[in-house]
Amino acid sequence: MSSRRSWTCASSPSIRCQHYSWSFSSKERVKKKKKECVLPKMEVGGSLPVPNVQQLASSSEGVPVRYIRPELELERVSNDEYDRIPLIDMSKLNDNVRDDGDDEAAKLHSACKDWGFFQVINHGVAEEVILKMKADIQEFFSQPLEEKMEYAQLPNGIEGYGQAFVVSEEQKLDWGDMLYINAQPINRRNMRLWPSSLRASLDQYSIELEKVARSLMTSMAKNLGVEPEKLLDLFKEGVQTVRMNYYPPCEQASKVIGIAPHSDGSGLTLLNQVNEVQGLQIKKDGKWVPVDPIPGAFIVNVGDIIEIMSNGVYKSIEHRALVNHKKERLSIAAFHDPNVDAMIGPLPNLHTLDQEKQAPNYKSISHQDFKKLGRKMKLDGKNKGLIQYLKIQTEKEQ
Ligand code: OGA
Ligand code: NI
């Protein structure tokens, strides 16, 4: 694919970002472009206030129309047992002396390319750390509303207890509440919003999951033909946020959605389902594929940032969570992002590898601007709004 690229950006004032400077290989014309891209102005704000769903679920008022999603009936869900996300054994990835190590690396590479989602076992996180985190989060959500509201989101902020990504009064709402915490680096922590009952467990969990994320990124970088340090440096002092989701049972479970379809705006997400209630589904080949978590495993997904850094070789896949008729569902998503100063764009080193894919498929953007835009566009999950925005369209695609 060596079609010419278009460099245009949508333009409404007025966040300015310095665009990419890129060297093409000798095969293509050597072209250096520095472009100033003008991004739409937006505030990094909070979410509009909406009712607490746990309380709504326990009332006898029924399900308000704002939660009902007629489109759900039309969407195809796979019940094919072969539609299983890949399983990666991290002990085989990390252990260079094992003969089968390379196979596992190859498996990881195709999992990132073809699925964007996989589960990992033998990840090295002690079971106690996971169990304690799960127990503490269940206990947190089981408290009376007033207790939880002590950690409520502050006006204009997303961190804390509440709901996310509500930007209009008309928009349909998700059947779920969340506790969203900035976990790393430590100087981004606002301890005022960390429930005291889960400080110790969340701190441990956060440290351990960051290790898993870095270890996976090391293998991913090798698979992409990039020196691991080049990728790991971008994630040094990386931003880690943890979203603890609580989806109450719903009498009209088949008509509501716990978390609307979206792709994660993260680098790498590590998800842990807290109890036995399933609900996560990923979009594959036009249909929804349910994810069946293996006890003790983490569900890992490539986020938009790694999709961009891999120049689209790895895919950030759309997913959603459904809710249960009778039982509550809980999950913990830990998002691993680059450090605040990182530029987000295709890794330059990638392009020495594959001569055919020399040109960047995505624009580069500062991490700051990426997050500002992402917060606004996340609702557009089906179109992967932000990714689409950053994609450099080839003439063929236009
Ligand atoms: C998320 C997410 C899925 C789940 O928090 O980004 O996709 O199973 N959660 O709760
Ligand atoms: Ni997600």
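Visitor: How much of the protein chain counts as buried?
Guide: In this predicted model, 55% of the 398 residues of the protein chain count as buried. The chain exposes about 18,400 Å², and carbon and sulfur atoms supply 49% of that area.

Visitor: And how many helices and strands are there?
Guide: The protein chain has 11 helices and 16 strands. Among its contacts with a separation of 6 or more, 78% are between residues 24 or more positions apart.

Visitor: What is the average pLDDT of the chain?
Guide: The average is 84, and 81% of the residues score at least 70. Over residues 1-44, however, the pLDDT is below 50. That stretch still has 114 contacts in the model beyond near neighbours in sequence.

Visitor: Let us turn to the metal. Which residues coordinate the nickel ion?
Guide: The nickel ion (ligand 2) is coordinated by His262 through NE2, Asp264 through OD and His319 through NE2, at 2.1 Å. Along the chain, these donors follow the spacing H-x1-D-x54-H.

Visitor: Where do Asp264 and His319 lie?
Guide: Asp264 lies in the loop between β8 (259-262) and β9 (268-273), while His319 belongs to strand β13 (residues 319-321), so the pair ties together parts that are 55 residues apart in sequence.

Visitor: Is Asp264 buried or exposed? And His319, buried or exposed?
Guide: Asp264 is buried, with a relative accessible area of 3%. His319 is buried too, at 6%.

Visitor: Next topic, the sheet. What is the order of its eight strands?
Guide: The order is β3-β4-β12-β9-β14-β7-β6-β5, in an open sheet with mixed pairing. At the edges stand β3 (87-89) and β5 (160-162); each has a single partner strand, so one side of each is left without a neighbour in the sheet. On average, neighbouring strands are turned by 25° against each other, direction ignored.

Visitor: How do β4 and β12 pair?
Guide: Strand β4 (residues 117-121) and strand β12 (residues 298-302) pair in the antiparallel sense over four bridges. Phe118, for instance, has Val300 in β12 as its bridge partner.

Visitor: Which strands does helix α6 lie across?
Guide: Helix α6 (residues 199-224) lies across β4, β6 (177-184), β7 (239-247), β9, β12 and β14 (329-337). The helix runs at about 130° to β9.

Visitor: Where is Pro185?
Guide: Pro185 sits in the loop between β6 and α6. At 12% relative accessibility, Pro185 counts as buried, because the limit for that class is under 20%. Not counting residues up to four places away in sequence, Pro185 touches Glu237, Gly238 and Val239. Pro185 and Thr241 are 56 residues apart in sequence and 9.4 Å apart in space, C-alpha to C-alpha.

Visitor: What kind of peptide bond joins Gln184 and Pro185?
Guide: The bond is cis, with omega about -10°. Most peptide bonds are trans.

Visitor: What about the backbone angle phi of Asn122?
Guide: Asn122 has a positive phi of about 50° although it is not a glycine. Most residues other than glycine have a negative phi. Asn122 is found in the loop between β4 and α4 (127-142), and Asn122 is partly exposed, with a relative accessible area of 47%.

Visitor: And what is phi for Asp285?
Guide: Phi of Asp285 is near 50°, a positive value in a residue other than glycine. Asp285 is in the loop between β10 (280-284) and β11 (287-290). With a relative accessible area of 64%, Asp285 is exposed.

Terms used: Residues are numbered from 1 along each chain as its sequence is written. Chains are lettered from A and ligands numbered from 1 in the order in which they are written. This is a predicted model: local features need pLDDT of at least 70, side-chain atom pairs count only at pLDDT 80 or more; totals for chains, interfaces and linings use all residues. Side-chain values use heavy atoms; hydrogens and water are left out. Helices (H or I, at least four residues) and strands (E, at least two) are DSSP runs, numbered from the N terminus. Buried means under 20% relative accessible area, exposed over 50%, partly exposed in between (1.4 Å probe, protein chains only). Contact means heavy atoms within 4.5 Å. Accessible areas come from the Shrake-Rupley method with a 1.4 Å probe; for residues, only the protein chains shown count as cover. Donors are N, O and S atoms within 2.8 Å of the metal (3.2 Å for Na, K and Ca); water is not among the atoms, so sites may look incomplete. Two strands pair if DSSP finds at least two bridges between them. Axes are lines fitted to C-alpha atoms, for helices over the stretch in contact, and angles run from 0 to 180 degrees between N-to-C directions. pLDDT is the predictor's confidence in each residue, from 0 to 100.
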